[in-house]
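The report below works through a single chain, from its helices to its charged pairs and its surface patches. Please keep the sequence and the coordinates at hand while reading.

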Amino acid sequence: MSRYRKRKERAGRGSIACIVIFLLVIMSVQIVKLYQKNQEYIARETELTEQLGEETERFEQLTEYEEYIGSREYVEDAAKSKLGLVYENEIIFKEK
């Protein structure tokens, strides 16, 4: 009976060792996948941060342009360039 018992214990230990190795392999594969996914997220975050900076700069430019449009200077420039209007005492020089 002792031989039978030793074989049974070895088989049990071998089975447990196979299961542990199998689980380690599965966990290793999952860790690699998660690492790759994390790298993708980091790259995406960097890209979105750059895009946010660009859009913030664009927003500032549009805000400045909006202020310019509401100014008297814009109205005068538009009247001179599009409508050809001038002040009474203003002299205009035209190129030939």
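In what follows, a residue is called buried under 20% relative accessible area, exposed over 50%, and partly exposed in between, with a 1.4 Å probe and protein chains only. This is a predicted model, in which local features need pLDDT of at least 70 and side-chain atom pairs count only at pLDDT 80 or more, while totals for chains, interfaces and linings use all residues. Residues are numbered from 1 along each chain as its sequence is written, and side-chain values use heavy atoms, with hydrogens and water left out.

**Helices and the segment after them**

Helices are DSSP runs of H or I with at least four residues, and strands are runs of E with at least two, numbered from the N terminus. Helix α1 covers residues 2–69 and contains glutamate 64, a residue that is exposed at a relative accessible area of 55%. Helix α2 takes in residues 72–83, and its 12 residues reach 16 Å from the first C-alpha to the last, close to the 16 Å expected at 1.5 Å a residue, where the expected span is 1.5 Å times one less than the number of residues. Because one of the 12 residues of α2 is buried, this helix lies largely in the open. Just after α2, glycine 84 adopts a positive phi of about 75 degrees, and valine 86 also belongs to the segment after that helix, where valine 86 is partly exposed with a relative accessible area of 41%.

For valine 86 and tyrosine 68, which are 18 residues apart along the chain, the C-alpha atoms are separated by 20 Å.

**Salt bridges**

Side chains of opposite charge can pair when their charged atoms come close. A salt bridge is taken here as a side-chain nitrogen of Lys or Arg within 4 Å of a carboxyl oxygen of Asp or Glu, and by this rule the count comes to three.

| Pair | N to O distance |
|---|---|
| Glutamate 47 and arginine 44 | 3.3 Å |
| Arginine 58 and glutamate 55 | 3.8 Å |
| Glutamate 76 and arginine 72 | 3.2 Å |

Glutamate 47 and arginine 44 both belong to helix α1 and stand three residues apart, about one turn of the helix; glutamate 47 is partly exposed at 42% relative accessible area, and arginine 44 is partly exposed at 44%. Arginine 58 and glutamate 55 likewise lie in helix α1, three residues apart and about one turn of the helix, with arginine 58 partly exposed at 48% and glutamate 55 partly exposed at 42%. The pair in helix α2 is spaced in another way: glutamate 76 and arginine 72 are four residues apart, so about one helical turn separates them. Within that pair, glutamate 76 counts as partly exposed at 26% relative accessibility, whereas arginine 72 is exposed at 61%.

**Surface patches**

Patches are made of residues with over 30% relative accessible area and no salt bridge, like charges being joined within 9 Å and nonpolar side chains (Val, Leu, Ile, Met, Phe, Trp, Tyr) within 5 Å. Accessible areas come from the Shrake-Rupley method with a 1.4 Å probe, and for residues only the protein chains shown count as cover. Lys and Arg count as positive and Asp and Glu as negative, with His and the chain ends not counted; the place of a charge is NZ of Lys, CZ of Arg, CG of Asp or CD of Glu.

A positive surface patch is formed by Arg3, Lys6, Arg7 and Arg10, of which arginine 10 lies in helix α1 and is exposed at 63% relative accessibility. Ile19, Phe22, Leu23 and Ile26 make up a nonpolar surface patch of about 390 Å²; leucine 23 has its place in helix α1 and is partly exposed at 45% relative accessibility. Negative charge gathers on the surface in a patch of Glu50, Glu54, Glu57, Glu60, Glu64, Glu66 and Glu67.
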